[in-house]
Amino acid sequence: MKKLISLILAALLVFTITIAVAEEIPTIVTVNEWLETKGETTGLVIVQVQEVINPVLALVADETGYVNLFGVTVNGEMTDFVTAGITAGDILVLWNPRYNEFEGTVEMADAMLLRHAILAPAQ
């Protein structure tokens, strides 16, 4: 848990510095806030991959909730998790995922992948 918190704080620091230079400060949105507003809240969503269900669908979570993630956008193109090298346990920093309901299940879609952190297994 300490590694996860350290990794998230490091990612936030990198983004803060990068964005401060660009003179824009993005909003960090929790999964729960995103779900409550049905995706109307825009900004960064930082999640950990809980399970890769299939090449384009994963269960992701933060400390406030869980949601399905349908693929990610890398360099302007929809990319599956295998191609992006995303596995369970990884931390993803996403930008403005779209709220989508598919067969009665809510999912994040069209999320731009800004950062992908791979956590080393505990030794």
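Biologist: How many residues does the protein chain have, and what share of them count as buried?

Modeller: A residue is called buried when its relative accessible area is under 20%, exposed when over 50%, and partly exposed in between (1.4 Å probe, protein chains only). Here the protein chain has 123 residues, and 35% of them count as buried. Do keep in mind that this is a predicted model, where local features need pLDDT of at least 70, side-chain atom pairs count only at pLDDT 80 or more, and totals for chains, interfaces and linings use all residues. Residues are numbered from 1 along each chain as its sequence is written, and side-chain values use heavy atoms, with hydrogens and water left out.

Biologist: Is N68 buried or exposed?

Modeller: N68, found in strand β3 (residues 65-70), has a relative accessible area of 14%, so N68 is buried. Contact means heavy atoms within 4.5 Å. Not counting residues up to four places away in sequence, N68 touches several residues, including I53, L57, T105 and M108. For contrast, look at I118 in the segment after β9 (112-117): I118 counts as exposed because its relative accessibility is 61%.

Biologist: What is in the largest nonpolar core?

Modeller: In soluble globular proteins, nonpolar side chains tend to be buried together. A nonpolar core is a set of buried Ala, Val, Leu, Ile, Met, Phe, Trp, Tyr and Cys residues joined through side-chain atoms within 4.5 Å. The largest one here has 19 residues, and those with the most contacts inside it are L69, L92, L94 and M108. The largest share of this core, 3 residues, comes from β1. Take L94 as an example: leaving aside neighbours within four places in sequence, its contacts include V47, L69 and M108.

Biologist: Which residue forms a salt bridge with D110?

Modeller: Side chains of opposite charge can pair when their charged atoms come close. A salt bridge is a side-chain nitrogen of Lys or Arg within 4 Å of a carboxyl oxygen of Asp or Glu. By this rule the count is 1. R98 is the partner of D110, with the closest N and O atoms 2.5 Å apart. R98 lies in strand β7 (residues 98-102) and D110 in the loop between β8 (105-109) and β9, so the pair ties together parts 12 residues apart in sequence. R98 is partly exposed at 39% relative accessibility, and D110 is partly exposed at 46%.

Note on methods: Helices (H or I, at least four residues) and strands (E, at least two) are DSSP runs, numbered from the N terminus.
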